[in-house]
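We will take a short tour, one stop at a time.

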Amino acid sequence: MAPISKAWSVTERAYGPTALLTPANALTAFRIVVAPIFIYLVVTQRVSWLTTVVGLTAPLTDFFDGIVARKQGSTTAGAFLDPLADKIIILGGLYALIWSHDPVRAFIWPALVITLREVWMSYYRSRAAQHGVSIPATSLAKWKTLVQDFAVGLCVLPWTGHHLLIPEIVAWVAVALTLVTGWQYYRDGRKVGVRAR
């Protein structure tokens, strides 16, 4: 059993930080490719099982590419593409809901708050990078992404898509987590000397 265990240990870290063509990156790229299909379905028909199934691939592949990356080695490309895929899916989904043929106007303010936070966070991360600092995602930030996905998903799921009270509540929970995690990133950055300007 020992040789097998050793071989598996080597396989687990099969990719270095500069690798591009990795299974984890492939899953992330798949999410980016699926995003416009999901957005189109939200705009054209919103509540349907097809929209739900296509949308469900995003959090599922996000979950699995995280597992694969931890086992086989995270990469610089993955660290860039993974949050990018999240932004495309979530922000695209939110604005698609607002502009769908059956619009979800209640999501206008959550969408704007989340957008402003993401723009600010991208700027702040770039400032941190200039100081040679990388600000890793916290466990709460991962929950924030999941709740954002969940809020969008509830609006296209046939069981809940026509009754928007629960999706709206979940959307505001996502906004709260978005603001809290934004503050955490800012606080952690200040501890190591990163300023917002």
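Select W120, Y124, W183 and Y186: ring pairs link them into a cluster. Rings of Phe, Tyr and Trp (its six-membered ring) pair if their centres lie within 6.5 Å; planes under 30 degrees apart are stacked, over 60 edge-to-face, the rest tilted. This is a predicted model: local features need pLDDT of at least 70, side-chain atom pairs count only at pLDDT 80 or more, and totals for chains, interfaces and linings use all residues. Residues are numbered from 1 along each chain as its sequence is written, and side-chain values use heavy atoms, without hydrogens and water.

Zoom in on W120 and Y124. Both lie in helix α5, four residues apart, about one turn of the helix. Helices here are DSSP runs (H or I, at least four residues), numbered from the N terminus. Buried means under 20% relative accessible area, exposed over 50%, partly exposed in between (1.4 Å probe, protein chains only).

Next, W183 and Y186. Their ring centres are 5.7 Å apart and their planes at 45°, so this pair is tilted. They sit three residues apart in helix α7. W183 is exposed, at 51%.

Now select R125. It lies over the face of Y185, 4.9 Å from the ring centre. A charge sits over a ring if NZ of Lys or CZ of Arg is within 6 Å of the ring centre and within 35 degrees of the ring normal. Finish at R105: its charged end sits over the ring of W99, 5.8 Å from the centre.

Technical notes. Helices (H or I, at least four residues) and strands (E, at least two) are DSSP runs, numbered from the N terminus.
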